[in-house]
Amino acid sequence: MYKQIATVVLIILIVALGAWWFASNRESVSDEELTSAGFLSLLGVECVPEGIENLYQSCTAEITEAEDIWTAQVTYSGLFDDSIQAARIEAKVSRENGEWVLGEVVEAVQCQPGRGHQDFSAELCV
């Protein structure tokens, strides 16, 4: 019984430390207006529109704003993978103390035809 309690306490401690580390180490961008380059910098990813050989065929980065809620999205299409056709990263972005700060990040994939779902989803492809 004590071993189970110790395990639960250890898991809670690890989760709390992870959340603290993420909050204290998240990237920020201070541009007045959120740009695609700024968003990609926040995410720490690259998006080459014409693609990267042996990785993906194309990439788009889009930013939308509605009622002071910014949503940014990067979509990689034509992945060189037998199961996954495309991948998307979507994030909420907010302005804090004059800097853009990355919020919740959601990753989703679109399966190759015959390999699973055809909509963007967190479900795995087969």
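Cys 111 is buried in this predicted model, its relative accessible area being 0%, where buried denotes under 20% relative accessible area, exposed over 50% and partly exposed the range in between, for a 1.4 Å probe and protein chains only. Residues are numbered from 1 along each chain as its sequence is written, and side-chain values rest on heavy atoms, with hydrogens and water left out. Because the model is predicted, local features require a pLDDT of at least 70 and side-chain atom pairs count only at pLDDT 80 or more, whereas totals for chains, interfaces and linings use all residues.

The structure holds two disulfides, a disulfide being a pair of cysteine sulfur atoms within 2.5 Å. Cys 111 is bonded to Cys 125, with the two sulfur atoms 2.0 Å apart, and because the torsion about this S-S bond is about -95 degrees, the disulfide of Cys 111 and Cys 125 is left-handed. Cys 111 belongs to strand β5 and Cys 125 to the segment after β5, so the pair ties together parts that are 14 residues apart in sequence. Cys 125, with a relative accessibility of 18%, also counts as buried. The other link runs from Cys 47 to Cys 59, with an S to S distance of 2.0 Å, and it is left-handed, with -120 degrees about the S-S bond. Since Cys 47 is located in the loop between α2 and β2 and Cys 59 in strand β2, this pair ties together parts that are twelve residues apart in sequence. Both Cys 47 and Cys 59 are buried. With bonded cysteines counted along the chain, the disulfides follow the pattern 1-2, 3-4.

The protein chain contains two helices and five strands, assigned as DSSP runs numbered from the N terminus, with helices (H or I) of at least four residues and strands (E) of at least two. Along the sequence these elements are arranged in the pattern α-β-α-β-β-β-β. In α2, the buried residues are Gly 38, Phe 39, Leu 40, Leu 42 and Leu 43, and just after this helix Gly 44 adopts a positive phi of about 75 degrees.

Strands β2 and β3 pair in the antiparallel sense over nine bridges, pairing being assigned if DSSP finds at least two bridges between two strands. Within this pairing, Ala 61 stands opposite Val 74 in β3, and in the hairpin of β2 and β3, which has two residues between the strands, Glu 67 takes a positive phi near 55 degrees. Strand β3 also pairs with β4 (residues 84–96), in the antiparallel sense and over eight bridges, with Ala 72 opposite Ala 91 in β4. The hairpin of β3 and β4 has six residues between the strands, and Gly 78 there takes a positive phi near 65 degrees.

A search of the whole structure finds two aromatic pairs, for which rings of Phe, Tyr and Trp (its six-membered ring) must have their centres within 6.5 Å, planes under 30 degrees apart counting as stacked, over 60 as edge-to-face and the rest as tilted. Tyr 56 and Tyr 76 form an edge-to-face pair, at 4.8 Å centre to centre and with 65 degrees between the planes. Tyr 56 is in the loop between α2 (36–43) and β2 (58–66), and Tyr 76 is in strand β3 (residues 69–77), so the pair ties together parts that are 20 residues apart in sequence. Tyr 56 is buried at a relative accessible area of 7%, as is Tyr 76 at 11% relative accessibility. The ring centres of Trp 70 and Trp 100 are 5.1 Å apart and the planes stand at 75 degrees, so this pair is edge-to-face. With Trp 70 in strand β3 and Trp 100 in strand β5 (residues 99–111), the pair ties together parts that are 30 residues apart in sequence. Trp 70 is partly exposed, with a relative accessible area of 21%, whereas Trp 100 is buried, with a value of 4%.

For the chain as a whole, 29% of the 126 residues count as buried.
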